[in-house]
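Subject: Structure handover

Hello,

Here is the structure you are taking over. Please look through it first; my notes on what was found in it follow below.

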Amino acid sequence: MNFSRKLITWYEVNKRELPWRETNDPYKIWLSEVILQQTRVEQGMPYYLKFIEKYPTLKKLAAAPDDEVMKLWQGLGYYSRARNMLAAAREVVTNHGGKFPNEFEEIKKLKGIGPYTAAAIASLAFGLAYAVVDGNVYRVLARIYSIDTPINSTEGATVFAKLATELLDAKNPGTHNQAVMEFGATHCKPAQPLCPDCIFNRHCVALQKGLVTQLPVKTPNAKPRTRHFNYFYLTDNKRTWLQQRTGKDVWQGLYEFPLLESETKLDWATLLQHDFIKTLLGKLKPVLGQQISFTHLLSHQKIEATFFEILLPKGFVLKKFPTFETSLTKLKSYPVSRLTDKFIESIQH
Ligand code: SF4
């Protein structure tokens, strides 16, 4: 069977019209790939359009302030993607005169760009023969060729990358790569693939062996780690206090209310005795307002968060560095995590 020819014929008839398919501008292709990692097309599309409108060129993105980019990204999650994208845009300006590198190895050296994204940019923007292997490609190949090597193992990465490269149409790598990803996204779907109407159903080994629902195989991830976050929303009805997250942890660079992380869930009475509160408020006897809890799931972490509202007298001066004061009317302008945003939404509506 000519895998690529069959697939490209299917693609030409069935592909969705998506804005990043209308271009071979490496910046736009890169942006779409970064946004679509871990994100569905329907959710990612408005972000892609917002970014292109605000930063129509890579140079415009590179010149943007960090906070502005993070704010525009807010809600997409996996914030390291945005931070790395901005760093890479600046690298392209500094080291490549603002012109996107046109060789696979050079593309892969940019911050946050792994083999998958580098192959996508190299093939779609520059017509270079590199096969992409994303979740869709793993699924399609695992089923058609009935491969049960776990896709999240080192061996799996090697086996599938080798097969994807063998199947690639080297004369037409961009269309081939888009076709296989699209086929996985809309036809050979994770649940309820459209086998009766499939161009591969005479060749698909998983279908013949009744293994479609069992492939691809994935080794289960370790149980997510549970963390307890106690946030303090301090307010005198006009002002509140925020801080920026630093260090290598989730939500790096985003803003949040003063935070005390604890080993276990803490109640207000226990927190009142804690040095953190004493350092934050000095001699002031804090008055508790509302208390709102959320469970927030990240890919490898479960965050049990409680936001404690502390009502402050007018004119109160908070000394604890690095917390800074802002007005409640400006609160929505800071880039924050989805968790903090949920709390802000709950108090502002
Ligand atoms: S027959 Fe079914 S499992 Fe096989 S490639 Fe087609 S849609 Fe996927």
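This is a predicted model: local features need pLDDT of at least 70, side-chain atom pairs count only at pLDDT 80 or more; totals for chains, interfaces and linings use all residues.

Seven residues of domain 1 and 14 residues of domain 2 take part in the contact.

Overall picture

The protein chain holds 15 helices and seven strands. Its C-alpha trace spans about 80 × 50 × 35 Å along the principal axes. Of the 349 residues in the protein chain, 48% are buried. Among contacts with a separation of 6 or more, 66% are between residues 24 or more positions apart.

Cores

The largest nonpolar core has 98 residues. Trp 30, Phe 51, Leu 61, Trp 73, Trp 251 and Phe 257 are the residues with the most contacts inside this core. Helix H8 (residues 115-126) contributes the most to it, with eight residues. At least three residues of this core come from each of domain 1 (3-214) and domain 2 (225-348).

Leaving out residues up to four places away in sequence, Trp 30 touches Leu 58, Leu 61, Met 85, Ala 88, Ala 89, Phe 100, Ile 113, Thr 117 and Ile 121. Another core, of 16 residues, lies apart from the largest one, and Phe 232, Leu 260, Phe 276 and Leu 280 are among its members.

Helix H1

Helix H1 (residues 3-14) is made of twelve residues. From its first C-alpha to its last H1 reaches 16 Å, close to the 16 Å expected at 1.5 Å a residue. Its buried residues are Phe 3, Ser 4, Leu 7, Ile 8, Trp 10 and Tyr 11. These residues lie on the same side of H1 because they cover an arc of only 160° around the axis. The face turned away from the buried side carries the exposed residues Arg 5 and Val 13. What covers the buried residues of H1? Helix H9 (135-144), helix H10 (154-167) and helix H11 (173-186) are included in that cover.

Met 181 and the cysteines

Helix H11 is also the place of Met 181. Met 181 counts as buried because its relative accessibility is 12%, under the 20% cut-off. Apart from neighbours within four places in sequence, Met 181 is in contact with Tyr 116, Val 132, Asp 134, Asn 136 and Val 137. The C-alpha atoms of Met 181 and Gly 135 are separated by 8.3 Å, although these two residues are 46 residues apart along the chain.

How many disulfides are there? The count is zero. As for individual cysteines, Cys 188 is buried at 10% relative accessibility, and Cys 198 is buried at 16%.

Ser 327

Strand E7 (residues 324-327) contains Ser 327. Is Ser 327 buried or partly exposed? With a relative accessible area of 27%, Ser 327 is partly exposed, since that value falls between the 20% and 50% cut-offs. Ser 327 touches Lys 238 and Arg 239, not counting residues up to four places away in sequence. Along the chain Ser 327 and Thr 235 are 92 residues apart, and their C-alpha atoms are separated by 9.4 Å.

Backbone points to look at

A cis peptide bond, with omega about 0°, joins Leu 215 and Pro 216. Pro 216 is in the loop between helix H12 (205-209) and strand E1 (225-235).

Tyr 78 is not a glycine, yet it has a positive phi of about 45°. The loop between helix H5 (66-73) and helix H6 (80-96) is where Tyr 78 is found. Tyr 78 is partly exposed, at a relative accessible area of 37%.

Asn 237 is not a glycine either, and its phi is positive at about 80°. Asn 237 lies in the loop between E1 and strand E2 (239-244). Asn 237 counts as exposed because its relative accessibility is 66%, over the 50% cut-off.

Regards

Methods: Residues are numbered from 1 along each chain as its sequence is written. Side-chain values use heavy atoms; hydrogens and water are left out. A nonpolar core is a set of buried Ala, Val, Leu, Ile, Met, Phe, Trp, Tyr and Cys residues joined through side-chain atoms within 4.5 Å. Buried means under 20% relative accessible area, exposed over 50%, partly exposed in between (1.4 Å probe, protein chains only). Helices (H or I, at least four residues) and strands (E, at least two) are DSSP runs, numbered from the N terminus. Domain bounds come from an automatic or database domain assignment. Contact means heavy atoms within 4.5 Å. A disulfide is a pair of cysteine sulfur atoms within 2.5 Å. The expected span of a helix is 1.5 Å times one less than its number of residues. The arc is that of the directions from the helix axis to the C-beta atoms.
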